[in-house]
Amino acid sequence: QVQLVESGGGLVQAGESLRLSCTASGTFFRIVAMGWYRQAPGKERELVATIIGEGTTTYTDSVKGRFTISRDKAKNTVFLQMNSLKLEDTAIYYCNAEVYFGLARDLEYWGQGTQVTVSI
């Protein structure tokens, strides 16, 4: 079993910054990829950013240049640095991890979510 524990959400004003963290714990061979998704009220969950392998990153267009995803592989932790936050960034942010257990067995896990609220 793998657990993802997120932290770092909160209430900030537009233009400010937040840093989210997510740590994976459990018994597994390695983490293939980690990422952040978000879900705003009344909207579907969307991909925000991912980091794969040795550091290949992808971002949704709306956060490019403002958000940075990074990873501490030794600590099985992924970070999302969010700068210049906008009202439309308000959402619950979920950590996601693709975990490899060996013998061609990959499973996907989700964190419980952390609320990010951006106000005027």
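Visitor: Which residue does a disulfide join to C22?

Guide: This is a predicted model, and in it C22 is joined to C95 by a disulfide.

Visitor: What makes the link between C22 and C95 a disulfide?

Guide: The two sulfur atoms are 2.1 Å apart. The cut-off is within 2.5 Å, so the pair counts as a disulfide. Searching the whole structure gives one disulfide.

Visitor: Which parts of the chain does the pair link?

Guide: Distant ones: C22 is in strand β3 (residues 18-26) and C95 in strand β9, 73 residues apart. The link is left-handed, with -80 degrees about the S-S bond.

Visitor: Why is C22 called buried?

Guide: C22 has a relative accessible area of 0%. Buried means under 20%, so the label applies. C95 also has 0% relative accessibility and therefore counts as buried.

Visitor: How do you know that E46 and R38 form a salt bridge?

Guide: The closest N and O atoms of E46 and R38 are 2.7 Å apart. The rule asks for a side-chain nitrogen of Lys or Arg within 4 Å of a carboxyl oxygen of Asp or Glu, so this pair qualifies. By the rule there are five salt bridges.

Visitor: Why is E46 called partly exposed?

Guide: E46 has 31% relative accessibility. Buried means under 20% and exposed over 50%, so a value in between is partly exposed. R38, at 5%, counts as buried.

Visitor: What makes D89 and R38 a salt bridge?

Guide: Their closest N and O atoms are 2.9 Å apart, and the limit is 4 Å, so the contact is a salt bridge. D89 lies in the loop between β8 (77-82) and β9 (91-100), while R38 is in strand β4 (residues 30-39), 51 residues apart. D89 counts as buried because its relative accessibility is 0%.

Visitor: What is the N to O distance in the salt bridge of R66 and D89?

Guide: For R66 and D89 the distance is 2.8 Å. R66 is in the loop between β6 (56-59) and β7 (67-72) and D89 in the loop between β8 and β9, so the pair ties together parts 23 residues apart in sequence. R66 has a relative accessible area of 10% and is therefore buried.

Visitor: Which residues are linked in a network of salt bridges?

Guide: The network links R38, E46, R66 and D89.

Visitor: How many aromatic pairs does a search of the whole structure find?

Guide: It finds three aromatic pairs. One of them is formed by Y37 and W110, with 4.9 Å centre to centre and 65 degrees between the planes.

Visitor: Which residue lies over the face of W110?

Guide: R45 does, at 4.6 Å from the ring centre. W110 is partly exposed, with a relative accessible area of 35%. R19 lies over the face of F79, at 4.1 Å from the ring centre.

Key:
Residues numbered from 1 in each chain as written. Predicted model: local features only at pLDDT ≥ 70, side-chain atom pairs only at ≥ 80, totals over all residues. Heavy atoms only, no water. Buried < 20%, exposed > 50% of the residue type's maximum accessible area, 1.4 Å probe, protein only. Helix = DSSP H or I, 4+ residues; strand = E, 2+ residues; numbered from the N terminus. Phe/Tyr/Trp six-rings, centres within 6.5 Å; stacked < 30°, edge-to-face > 60°. Lys NZ or Arg CZ within 6 Å of the ring centre and 35° of its normal.
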